[in-house]
Amino acid sequence: MGDNSHFQIAIIGAGIAGLGATIALQHHPAIDVQVYEKAAELREIGASIALGPNGMRTLERLGVNNALDDEIAFRNKSRHPMIYRHWKTNEIVSTDSHAGKVEYRHLTSRFYRAHLQEALAQHVDPSRIHLSKAFESATIDAATHKPLITFTDGTTATADIILGADGIHSSVRTFFVPTSSTAWTGWVAFRSVFPYSHIAHIKDLPDEATHFWGPDRTFFISKLGRNLFTVVGSYQADPNAPDAPYKDSTWNSEGDVNVLREFYKDWSPLVRQIVDAVPYTRVYPNASARKLDTWVLGGGRVTLAGDAAHAHGGAFAAGGSLALDDAWAFASSILDVFPEDASRKPTGAEILKALRIYENTRKPHTDRVMGVVHDTNVKKVARYSQGAEPETDDQLRTRIKNRVDPAWIHEHDVREAFADARLREETKVNGNGIPLPL
């Protein structure tokens, strides 16, 4: 499971970030990249996922053009990333818009998660992916400074770098930063993906990705690729209440469509028709972790990507694009210190330099995302808590119109951020603006 004569990169997790990083690095003749996935088969757990222009551009940059195809990527014909409707009247109250020029192929798109993972996996040599390999621990060899990874089945693997891309409840992150475990935010999503035929009969069904907002919850619907449709209901509780519903629920557990129908029984007839047509629902409790002090771990031999790095808990439909940009930035940082024409493997100092460039490319942006998400979650819990004054219709409409504009997240330029981080690392500018010697 690895070639010691090559520069070895072990990626823990075969999700979007892990596969993306593999695709970006696997063509280097002297890099041996191996992926270790705890699942027994390569399959995505989840329902729908959105990618903004930044994620779509990164897919194209990685050469995953099959994921840009209309067959699996659904785009709103109006070009609006999201349309916001009123829970009772169905009227459009507001829309999101792209801030910059966006080509059609890069428009915000919705996918069935499994379709996106399949599209990425088609670009990875299956021999690089090792299933049923759950990370347990890692030690750094005092002589070689290389990590030795131990899996829960007792097997081991060595590497020059570990990239932990094993999701929001990352075992890699919590091993190296024990205080970084996640906590429930109080928000629960009820997700379903099913054939469009289930709701094709509904009159005036919106044909674009739409978010209905009500005073105490939201309701999202969208077409997906290959004639699928998704519905996402929601419930918000106080996470600190000992009797909070869904406090002990688990990710992707079986839900009850009757509960979903009860949630939306007072909503518009259109929403009720959609909910009545939902054949099943699954429960996804939202969790988050605090911002990490650094992504450079394990003595400069370990780092993180995707939700493992920034466990923001899912907001603004940003997670997929953040993961892809992480993957590209990580690979670009490695290739910066170890180009394909390099005559030797990178030194420990050069590896550390690469991880610093990667961290400085991504962490300031994702820290900002996490800060906004945290503030939003605090306000949400306060708004829906017992004893809170009921929201008036005017207040609801104002809240919709004054929501956070996510364009800075979905149109973030990772290439520009990488160039800036690389320049800062190279110059080491002091307080007088004079470049220091490297």
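Visitor: Ground rules first: helices (H or I, at least four residues) and strands (E, at least two) are DSSP runs, numbered from the N terminus. With that settled, where does phenylalanine 176 lie?

Guide: Phenylalanine 176 belongs to helix 4, residues 171-176. Before we go on, this is a predicted model, where local features need pLDDT of at least 70 and side-chain atom pairs count only at pLDDT 80 or more, while totals for chains, interfaces and linings use all residues. Residues are numbered from 1 along each chain as its sequence is written, and side-chain values use heavy atoms, with hydrogens and water left out.

Visitor: Thanks! How does phenylalanine 176 count at 21% relative accessibility?

Guide: As partly exposed. Buried means under 20% relative accessible area, exposed means over 50%, and partly exposed is in between, using a 1.4 Å probe and protein chains only.

Visitor: And what is phenylalanine 176 in contact with?

Guide: Setting aside neighbours within four places in sequence, phenylalanine 176 is in contact with Phe135, Ala138, Leu297, Gly298 and Val302; contact means heavy atoms within 4.5 Å. Threonine 303 is 127 residues from phenylalanine 176 along the chain, and their C-alpha atoms are separated by 9.7 Å.

Visitor: Let's switch to helix packing. How do helix 1 and helix 3 pack?

Guide: Helix 1 (residues 16-25) and helix 3 (residues 113-121) have axes 9 Å apart and an angle of about 20°. Axes are lines fitted to C-alpha atoms, for helices over the stretch in contact, and angles run from 0 to 180 degrees between N-to-C directions. The two helices are therefore roughly parallel to each other: angles under 35 degrees count as roughly parallel, over 145 as roughly antiparallel, 65 to 115 as roughly perpendicular and the rest as oblique.

Visitor: Which residues make that contact?

Guide: Helix 1 brings Ile16, Leu19 and Ile23, and helix 3 brings Arg113, Leu116, Gln117, Leu120 and Ala121. By class that gives 6 nonpolar, 1 polar and 1 charged residues. Ala, Val, Leu, Ile, Met, Phe, Trp, Tyr, Cys and Pro count as nonpolar, Asp, Glu, Lys and Arg as charged, and the others, Gly among them, as polar.

Visitor: What about helix 1 and helix 7: what angle do they pack at?

Guide: Helix 1 and helix 7 pack at about 30°, with 8 Å between their axes. From helix 1 the contact uses Ile16, Ala17, Gly20, Ala21, Ala24 and Leu25, and from helix 7 Gly320, Ala323, Leu324, Ala327, Phe330, Ala331, Ile334 and Leu335. These residues divide into 12 nonpolar, 2 polar and no charged.

Visitor: Which way do helix 2 and helix 7 cross, and how close do their axes come?

Guide: Their axes come within 8 Å and cross at roughly 40°, so helix 2 and helix 7 are oblique to each other. Asn54, Gly55, Thr58, Leu59 and Arg61 of helix 2 meet Ser321, Leu324, Asp325 and Trp328 of helix 7. By class, this contact has 3 nonpolar, 4 polar and 2 charged residues.

Visitor: On to the core. Which residues of the largest nonpolar core touch the most other members?

Guide: Out of 72 residues, they are Ile9, Leu59, Leu116, Leu120, Phe330 and Ile334. The largest share of this core, 9 residues, comes from helix 7 (residues 319-337). A nonpolar core is a set of buried Ala, Val, Leu, Ile, Met, Phe, Trp, Tyr and Cys residues joined through side-chain atoms within 4.5 Å.

Visitor: What does isoleucine 334 touch?

Guide: Not counting residues up to four places away in sequence, isoleucine 334 touches Phe7, Ile9, Leu25, Ile31, Ile161 and Ala354. Apart from this core lies another, of 41 residues, including Val93, Trp184, Val231 and Ile400.

Visitor: Last topic, loops. Is glycine 225 buried or exposed?

Guide: Glycine 225 is buried, at 3% relative accessible area. It sits in the loop between strand 15 (218-224) and strand 16 (228-236). Beyond neighbours within four places in sequence, glycine 225 is in contact with Glu71, Ile72, Phe74 and His115.

Visitor: And what is the phi of asparagine 227 near?

Guide: Near 60°, a positive value in a residue other than glycine. Most residues other than glycine have a negative phi. Asparagine 227 is in the loop between strand 15 and strand 16 and counts as exposed at 54% relative accessibility. Asparagine 252 also has a positive phi, of about 65°, and is found in the loop between strand 16 and strand 17 (253-254).
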